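Subject: Structure handover

Hi,

Here is the structure I promised to pass on. My notes follow below it.

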Amino acid sequence: MTDTSRRNLLGLGGAVPAVAAVGAAQAQTARSPNVQARPGAGRAAIVTGSSRGIGAATAKRLARDGFAVTVNYLTNRDLAAQVVRDIEAAGGRAIFRQADVADPTAVRALFDANQEAFGCVDVAFPTPRS
């Protein structure tokens with residue numbers, strides 16, 4: 001993945017393709033009995049700001065749908081670790097990584113960690129700051 005596409009995925013416009021990707025997977029699941037029941041099965045997602053609030057809920061929902069999830073946090077490692085424990089307790093796969101999404105080097109490291117853990121990045125959800 002190029003630096004430009006990484007920036008695009010984490011920019012506000014990145015949410016639309018991410019939602020479209022999930023919606024397309026759900027539609028395919030509904031049409032074909034040969035597709036796995038969970039639309040995200042075998043796919044990986046990065047959710048920025050996912051140690052609490054909307055981001056944590058998004059990460060947990062993606063995990064329930066079968067996505068392997070990278071939980072991103074800026075300052076509270078303990079909250080991010082708890083989100084990962086919650087996902088794993090429910091049978092999902094997740095890791096957590098600290099990264100300031102305003103820093104391109106940190107974003108690159110976040111994507112690299114996800115790639116190393118799960119082999120791909122299918123979806124990135126930028127969580128709005130509260």
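Among contacts in the protein chain between residues at least 6 apart in sequence, 63% join residues at least 24 apart. Keep in mind that this is a predicted model. T75 sits in the loop between β2 (68-73) and α4. T75 is exposed, with a relative accessible area of 72%.

Now the overall layout. The protein chain has 5 helices and 4 strands. From the N terminus on, the order is α-α-β-α-β-α-β-α-β. Of the 130 residues in the chain, 42% are buried. The chain exposes about 7,100 Å². Carbon and sulfur atoms supply 53% of that area.

Next, α4. Helix α4 covers residues 77-89. It has 13 residues and reaches 18 Å from its first C-alpha to its last, close to the 18 Å expected at 1.5 Å a residue. Its buried residues are A80, A81, V83, V84 and I87. Seen down the helix axis, these buried residues fall within an arc of 155°, so they line one face of α4. The general rule behind such a pattern: an α-helix has 3.6 residues a turn, so residues three or four places apart point the same way. What do the buried residues of α4 pack against? They pack against α3, β2 and β3 (94-98). On the other side of α4, D78 and A89 are exposed.

Both ends of α4 have something to check. At its start, a side-chain oxygen of N76 reaches to within 3.2 Å of the backbone nitrogen of D78. Just after the helix, G91 takes a positive phi of about 95°.

Helix α5 can be read the same way. It spans residues 104-118, 15 residues in all. From first C-alpha to last it reaches 21 Å, close to the 21 Å expected at 1.5 Å a residue. A106, V107, L110, F111, A113, N114 and F118 are buried in α5. Down the axis of α5, the buried residues fall within an arc of 155°, so they line one face of the helix. P104, T105 and E116 are exposed on the other side of α5. At the start of α5, a side-chain oxygen of D103 reaches to within 3.0 Å of the backbone nitrogen of T105.

Last, charge pairs. Side chains of opposite charge can pair when their charged atoms come close. How many salt bridges are there? The count comes to 2.

- D86 with K60: the closest N and O atoms are 3.0 Å apart. D86 lies in α4 and K60 in α3 (residues 53-64), so the pair ties together parts that are 26 residues apart in sequence. D86 is partly exposed at 30% relative accessibility. K60 is also partly exposed, with a relative accessible area of 28%.
- R61 with D65: the closest N and O atoms are 3.2 Å apart. R61 is partly exposed at 42% relative accessibility. D65, at 13%, counts as buried, because the cut-off for buried is under 20% relative accessible area.

Best wishes

Definitions and conventions: Residues are numbered from 1 along each chain as its sequence is written. This is a predicted model: local features need pLDDT of at least 70, side-chain atom pairs count only at pLDDT 80 or more; totals for chains, interfaces and linings use all residues. Side-chain values use heavy atoms; hydrogens and water are left out. Helices (H or I, at least four residues) and strands (E, at least two) are DSSP runs, numbered from the N terminus. The expected span of a helix is 1.5 Å times one less than its number of residues. Buried means under 20% relative accessible area, exposed over 50%, partly exposed in between (1.4 Å probe, protein chains only). The arc is that of the directions from the helix axis to the C-beta atoms. A polar contact is a pair of N or O atoms within 3.5 Å; within protein, one must be able to donate a hydrogen and the other to accept it, and residues adjacent in sequence count only if both atoms are side-chain atoms. Contact means heavy atoms within 4.5 Å. Accessible areas come from the Shrake-Rupley method with a 1.4 Å probe; for residues, only the protein chains shown count as cover. A salt bridge is a side-chain nitrogen of Lys or Arg within 4 Å of a carboxyl oxygen of Asp or Glu.
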